[in-house]
Amino acid sequence: MTSTAPPPDGRGSGDGRHESPEERADRRWTDLLQELRVAQTGVQILFGFLLAVVVQPRFAEISDTDRTIYVITVLLGSATAAALIGPVSYHRLLTGRRLKPQTVTWASRMTVLGLGLLFCTMCSTLLLILRVALHNTVALWLVGGMALWFLICWLVFPAWALARSSSGRGR
C-alpha cells in the first residue's frame with residue numbers, strides 16, 4: 001500500500017506525486033499547453049475556413065437568416081480563438097513574477113471558457129452548413145444530435161470515468 005502523505009520535508013501536493021507547489025504548477029502548465037495545442041489548431045483551421053466563406057460567390061445568395069448565423073458563427077469563432085490563445089499571452093506577461101500557480105489557475109479557467117465557446121462555434125457552424133445544404137428543419141435536429149454527442153464526449157464520458165475512479169478508490 002502506498003501513502004499519499006507528503007514527505008517529511010513538507011513538500012507535496014497530496015496527490016501522491018510529492019512535488020512542491022512550483023513543481024506542480026510547472027507540470028500543470030505543461031499539461032495545459034499540450035491540451036491547448038490540440039484545441040488551438042482545430043479552432044484556427046475552422047476560423048480560417050469561416051473567414052473564407054464570405055468571399056465565395058455563393059455567399060451573396062444566402063438568406064438573411066443564414067447571413068446572421070454566419071456573423072454569429074464568426075464572432076463565436078473569434079471569441080473562441082481569443083480564449084484559447086489567451087493563456088499563452090497570460091503566461092508570457094506574467095513569466096518571472098512568481099505567479100505560476102495563479103497563472104495556471106486562470107489559464108485553466110480561460111481554457112474551459114474557450115472550450116465552451118468552441119462548443120457554441122461548432123454547433124453554429126454545423127447549423128449554417130446544414131441549413132445551406134439541406135434547406136429544411138432536419139438541420140436543426142442534426143445539430144441538436146451533434147450537440148448532444150459533443151456534450152457526451154466532452155462532459156459525460158469524463159464524468160463517468162471520474163465517478164468510476166472515485167468509486168474504485170473506496171474499496
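Reader: How many of the 171 residues count as buried, as a percentage?

Author: Buried means under 20% relative accessible area, exposed over 50%, and partly exposed in between, with a 1.4 Å probe and protein chains only. Of the 171 residues of the protein, 27% count as buried. This is a predicted model, in which local features need pLDDT of at least 70, side-chain atom pairs count only at pLDDT 80 or more, and totals for chains, interfaces and linings use all residues. Residues are numbered from 1 along each chain as its sequence is written, and side-chain values use heavy atoms, with hydrogens and water left out.

Reader: What does pLDDT say here, and which elements score lowest and highest?

Author: pLDDT is the predictor's confidence in each residue, from 0 to 100. The protein averages 87, and 88% of the residues score at least 70. Among the elements, α1 has the lowest mean pLDDT (90) and α3 the highest (94). Over residues 1-10 the pLDDT is below 50, and beyond near neighbours in sequence this stretch has 8 contacts in the model. Where pLDDT is low, the predicted coordinates should not be read in detail.

Reader: What share of the contacts joins residues 24 or more positions apart?

Author: Contact means heavy atoms within 4.5 Å. Among contacts with a separation of 6 or more, 63% are between residues 24 or more positions apart.

Reader: Which residues have the most contacts inside the largest nonpolar core?

Author: In soluble globular proteins, nonpolar side chains tend to be buried together. A nonpolar core is a set of buried Ala, Val, Leu, Ile, Met, Phe, Trp, Tyr and Cys residues joined through side-chain atoms within 4.5 Å. The largest one here has 17 residues, and Tyr-70, Val-74, Phe-119, Cys-123 and Val-143 have the most contacts inside it. Two or more residues come from each of α1, α2, α3 and α4, with the largest share, 5 residues, from α3. A second, separate core has 11 residues, including Ala-25, Trp-29, Ala-81 and Ala-107.

Reader: What does Tyr-70 touch, leaving out residues up to four places away in sequence?

Author: Tyr-70 touches Leu-50, Leu-51, Val-53, Val-54, Phe-59 and Leu-128 on that count. With a relative accessible area of 6%, Tyr-70 is buried.

Reader: How many aromatic pairs does the structure hold?

Author: Rings of Phe, Tyr and Trp (its six-membered ring) pair if their centres lie within 6.5 Å; planes under 30 degrees apart count as stacked, over 60 as edge-to-face and the rest as tilted. The structure holds 5 such pairs. In one of them, the ring centres of Phe-59 and Tyr-70 are 5.1 Å apart and the planes stand at 65°, so this pair is edge-to-face. Phe-59 lies in the loop between α1 (21-53) and α2 (64-94), while Tyr-70 lies in helix α2, so the pair ties together parts 11 residues apart in sequence. Phe-59 is buried too, because its relative accessibility is 11%.

Reader: Where do Phe-119 and Phe-150 lie?

Author: Phe-119 is in helix α3 (residues 100-134) and Phe-150 in helix α4 (residues 138-169), 31 residues apart, and their pair links distant parts of the chain. Their rings are edge-to-face, 6.3 Å centre to centre with 85° between the planes. Both Phe-119 and Phe-150 are buried. Ring pairs link these two and Trp-154 into a cluster.

Reader: Is Thr-103 buried or exposed?

Author: Thr-103, in helix α3, counts as buried because its relative accessibility is 3%. Leaving out residues up to four places away in sequence, Thr-103 touches Tyr-90, His-91 and Leu-94.

Reader: Which residue has a positive phi of about 60° although it is not a glycine?

Author: That residue is Arg-98, in the loop between α2 and α3. Arg-98 counts as exposed, at 82% relative accessibility. His-135 also has a positive phi, about 55°, without being a glycine.

Technical notes: Helix = DSSP H or I, 4+ residues; strand = E, 2+ residues; numbered from the N terminus.
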